[in-house]
Amino acid sequence: MAADKVAASSGKREIAPGKTRIGWIGTGVMGRWMCGHILDAGYALTVYNRTPSKAQDLCGPGQAFLADSPLQVAQRSDVVFTIVGYPADVRQVILGPLGILEGLEPGGIVVDMTTSEPALAREIAARALDRGCHALDAPVSGGDRGAKAGKLSIMVGGDLEVYTALAPLFQCMGSPTFMGAAGSGQSCKLANQVTIATTMVGLVEGMLFAHNAGLDVESYVAAIAGGAAGSKSLELYAQRIQRRDFQPGFYVNHFVKDLGIAINECSRLDLCLPGLALAQQLYVSLKAHGDGNLGTQALVLALERLNNIQLLDKKP
């Protein structure tokens, strides 16, 4: 029984390879690496992706079992992780008729690592409890590089005992922080996205200013990296921007979704954040130009269009 293996209600039973069956739904840009760390740690793993070919690298003799639905994943698992695209996807894979809660045994745990809506996280937690299970919201930050290196920041909301029990699994993927009751992980991630969005605007604007002032942009970035303007965004994205490398560590489409959720939460909280609003509009303009499947560093394209310049152009 899942309750015997996971003991979600007490949070005291050991979670360990050979004792705990893990399910994973969503093997995209980040999920495939996160899931791979769980597999490498020796856990029995069942995976599902809407596009099965995206999970094939994780499956095979001695590797993960490829399920045909979220329901089948849950039936074979004690703890199920999800990292999918949008809140509608979260609702479908967890609460839908072929979803996780239809197949998870009492005592099982579902952990949603998608950036989603705090209200939906609270709804999932309540529905899980109704079925004798538990749910955590645990969105992550760190992009593809953080996922690959197992160094993501993980922001967790839900029951503290359940969070504590799952620490060995979270630590396979990065550094978890418990934020409070259900929905708190999502609220923390939205605040994180507000910070990233406004920081990215500053990063790109600074690079464009340096360019138009006649500076060597690479030297400019090196000069500011060790000072107060240094940031994780500068570290991860400045060189990609200079190389015109817009491959996604995190999709513009998904960032537009995240910032839209944050703006909706601001309305609910009677909060005015003009920097967030500006950043969201710039990213929406990228999507309108067909750039939604690029990485978030493609913000430079939006600001180049506004100024009718290109960062790599040589000034006369």
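Predicted model: local features only at pLDDT ≥ 70, side-chain atom pairs only at ≥ 80, totals over all residues.
Local features need pLDDT of at least 70 and side-chain atom pairs count only at pLDDT 80 or more, while totals for chains, interfaces and linings use all residues. Residues are numbered from 1 along each chain as its sequence is written, and side-chain values use heavy atoms, with hydrogens and water left out.

Start by selecting glutamine 193, in helix 10 (residues 184-212); helices are DSSP runs of H or I, at least four residues, numbered from the N terminus. Glutamine 193 is buried at a relative accessible area of 3% (buried means under 20%, with a 1.4 Å probe and protein chains only). Leaving aside residues up to four places away in sequence, Glutamine 193 touches Phe250, Phe255, Asp258 and Leu259 (contact means heavy atoms within 4.5 Å).

Next, show the aromatic rings. Rings of Phe, Tyr and Trp (its six-membered ring) pair if their centres lie within 6.5 Å, and planes over 60 degrees apart count as edge-to-face. By this rule there are six aromatic pairs. One of them joins phenylalanine 250 and phenylalanine 255, edge-to-face at 6.1 Å centre to centre and 90 degrees between the planes. Both of these phenylalanines are buried.

Phenylalanine 255 belongs to helix 13 (residues 252-269) and tyrosine 283 to helix 14 (residues 274-288), so the pair ties together parts 28 residues apart in sequence. Tyrosine 283 is buried, with a relative accessible area of 0%.

Finally, select Trp24, Phe81, Tyr163, Phe170 and Phe178, a cluster linked by ring pairs.

Definitions and conventions. Helix = DSSP H or I, 4+ residues; strand = E, 2+ residues; numbered from the N terminus. Buried < 20%, exposed > 50% of the residue type's maximum accessible area, 1.4 Å probe, protein only. Phe/Tyr/Trp six-rings, centres within 6.5 Å; stacked < 30°, edge-to-face > 60°.
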